[in-house]
Amino acid sequence: MLVRAARAAGPEDGQTLLLGIGLVTVVLALVLALASASAIYLDLKTLTSLADSAAAAAADAVEEDSYFGGSVTDSGPGALSAASVRAAAAADLAMQPVDLTGVQIREASSPDGVTAVVTLTAYSQPPFLPWGVIPASGFTITATGSARATTGL
């Protein structure tokens, strides 16, 4: 009776080891995918912070001539221009310790003369993705920041 039980269990040997290796592989793949998604999210948050900082610097860089009456604009004193927004955003971005790849100013404008809108783009390269399948340049991420310049008490 014991011989039959031993023979019946024979072909089952090693099946648990194979199942365990498969389970470890699936769990490892999920952990690496989660780590890569977290890296992309952190890169996006960093780019958003840079865009907000550039927009705040641009809103703070009101041209003195327009504010102190050297020139008259339709928007009133302290109006922002697209050129001043772009210059201030580029200066602020140059001062930031950036660890993203390919950060560029996509758009820097002032639609109403008091709001600075800055859009930045960069590449996010997650560390654990198969770069033979996914483009080696990474994913393009975009972030927009806006800030309002106000005058008054």
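This is a predicted model: local features need pLDDT of at least 70, side-chain atom pairs count only at pLDDT 80 or more; totals for chains, interfaces and linings use all residues.
**From a helix residue to the core and its strands**

With a relative accessibility of 26%, T48 counts as partly exposed, because that class lies between the limit for buried residues, under 20%, and the limit for exposed ones, over 50%. T48 belongs to helix α2, and its side chain reaches back to the backbone oxygen of L44 at a distance of 2.8 Å.

Which residues of α2 are buried? They are S36, A39, L47, L50, A51, A54, A55, A58 and A59. The buried residues of α2 pack against α4, β1, β2 and β3.

These contacts lead to the interior. In soluble globular proteins, nonpolar side chains tend to be buried together. Here the largest nonpolar core has 23 residues, and those with the most contacts inside it are L47, V85, I105, A116, V118 and L120. At least two residues of this core come from each of α2 (15-60), α4 (82-95), β1 (101-109), β2 (115-124) and β3 (139-148). The greatest contribution is that of α2, with seven residues. A116 illustrates how these parts meet: apart from residues up to four places away in sequence, A116 touches A55, A58, A59, L80, V85, S109, G145, S146 and A147.

The strands may now be followed in turn. β1 and β2 run antiparallel and are joined by six bridges, one example being E107, whose bridge partner in β2 is T119. The two strands form a hairpin with five residues between them, and in the turn G113 has a positive phi of about 90°. β2 also pairs with β3, again in the antiparallel sense, over 10 bridges; in this pairing V117 stands opposite S146 of β3. How much of β2 is covered? Nine of its 10 residues are buried.

Leaving aside neighbours within four places in sequence, Q104 is in contact with T119, L120 and T121. Q104 and A122 are 18 residues apart in sequence, while their C-alpha atoms are 6.5 Å apart.

Side chains of opposite charge can pair when their charged atoms come close. The structure holds one salt bridge, in which the side chains of R148 and D112 meet at 3.6 Å, N to O. This pair links distant parts of the chain, 36 residues apart: R148 is in strand β3, and D112 is in the loop between β1 and β2. Are the two residues buried or exposed? R148 is exposed, with a relative accessible area of 54%, whereas D112 is partly exposed, at 38%.

Definitions and conventions: Residues are numbered from 1 along each chain as its sequence is written. Side-chain values use heavy atoms; hydrogens and water are left out. A nonpolar core is a set of buried Ala, Val, Leu, Ile, Met, Phe, Trp, Tyr and Cys residues joined through side-chain atoms within 4.5 Å. Buried means under 20% relative accessible area, exposed over 50%, partly exposed in between (1.4 Å probe, protein chains only). Helices (H or I, at least four residues) and strands (E, at least two) are DSSP runs, numbered from the N terminus. Contact means heavy atoms within 4.5 Å. A salt bridge is a side-chain nitrogen of Lys or Arg within 4 Å of a carboxyl oxygen of Asp or Glu. A polar contact is a pair of N or O atoms within 3.5 Å; within protein, one must be able to donate a hydrogen and the other to accept it, and residues adjacent in sequence count only if both atoms are side-chain atoms. Two strands pair if DSSP finds at least two bridges between them.
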